[in-house]
Amino acid sequence: MSSDNEIPIPQKTPCVIDEEPGKKAWCTCGRSEKQPYCDGAHAGTGMTPMVVDIEEAQTIAWCGCKRTCNAPFCDGSHSQLS
Ligand code: FES
């Protein structure tokens, strides 16, 4: 398992998306080409996506930097990145 500092940073801003209800798989490994969602790129890393069940339509700020302390949502931690 790699340390947190080795997880790629796909972007330094949240992915703000108007979501419809349903299950969403948030990328935790930082390797997906379909941020903020999993595309299977975690294969071989030992990591798995975080599956979230969105119960009602809403706008979500998904963490795009993978450094949030409130995964899978942005908590502002990206502002600490250089
Ligand atoms: S984008 Fe990761 S904490 Fe905001």
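Tutor: Let's begin with Pro36, which lies in the loop between strand 2 (22–26) and strand 3 (50–54). Strands here are DSSP runs of E with at least two residues, helices are DSSP runs of H or I with at least four residues, and both are numbered from the N terminus. Residues are numbered from 1 along each chain as its sequence is written. Please keep in mind that this is a predicted model: local features need pLDDT of at least 70, side-chain atom pairs count only at pLDDT 80 or more, and totals for chains, interfaces and linings use all residues.

Gln35 and Pro36 are joined by a cis peptide bond, with omega about 10°. Most peptide bonds are trans, and most residues other than glycine have a negative phi. A cis peptide bond also links Ala71 to Pro72, again with omega about 10°. Pro72 belongs to the segment after strand 4 (58–62).

Lys66 is found in the segment after strand 4 as well. Lys66 is not a glycine, yet its phi is positive, about 65°. Lys66 counts as buried because 23 other C-beta atoms lie within 10 Å. The cut-offs are these: with C-beta atoms placed from the backbone, a residue is buried if 20 or more other C-beta atoms lie within 10 Å of its own, exposed if 12 or fewer, and partly exposed in between.

Next, let's return to strand 2, at one end of the loop that holds Pro36. Ala25 is in strand 2. With 18 other C-beta atoms within 10 Å, Ala25 is partly exposed. Leaving out neighbours up to four places away in sequence, Ala25 is in contact with Tyr37, Cys38, Pro49 and Val51; contact means that the two C-beta atoms, placed from the backbone, lie within 7 Å.

The largest nonpolar core has eight residues: Trp26, Cys27, Cys29, Cys38, Trp62, Cys63, Cys65 and Cys74. A nonpolar core is a set of buried Ala, Val, Leu, Ile, Met, Phe, Trp, Tyr and Cys residues joined through C-beta atoms within 7 Å. In soluble globular proteins, nonpolar side chains tend to be buried together. Beyond four places in sequence, Cys74 touches Pro14, Ala61, Trp62, Cys63 and Thr68.

The segment before strand 1 (15–19) comes into the picture too, and Thr13 is found there. Thr13 touches Gly64 and His78, not counting residues up to four places away. The C-alpha atoms of Ile9 and Gly64 are 7.4 Å apart, although 55 residues separate them along the chain.

Finally, step back to the whole chain. The protein chain has four strands and zero helices, in the order β-β-β-β. Of its 82 residues, 22% count as buried. Among contacts with a separation of 6 or more, 46% join residues 24 or more positions apart. The C-alpha atoms fill a box of roughly 35 × 30 × 20 Å along the principal axes.
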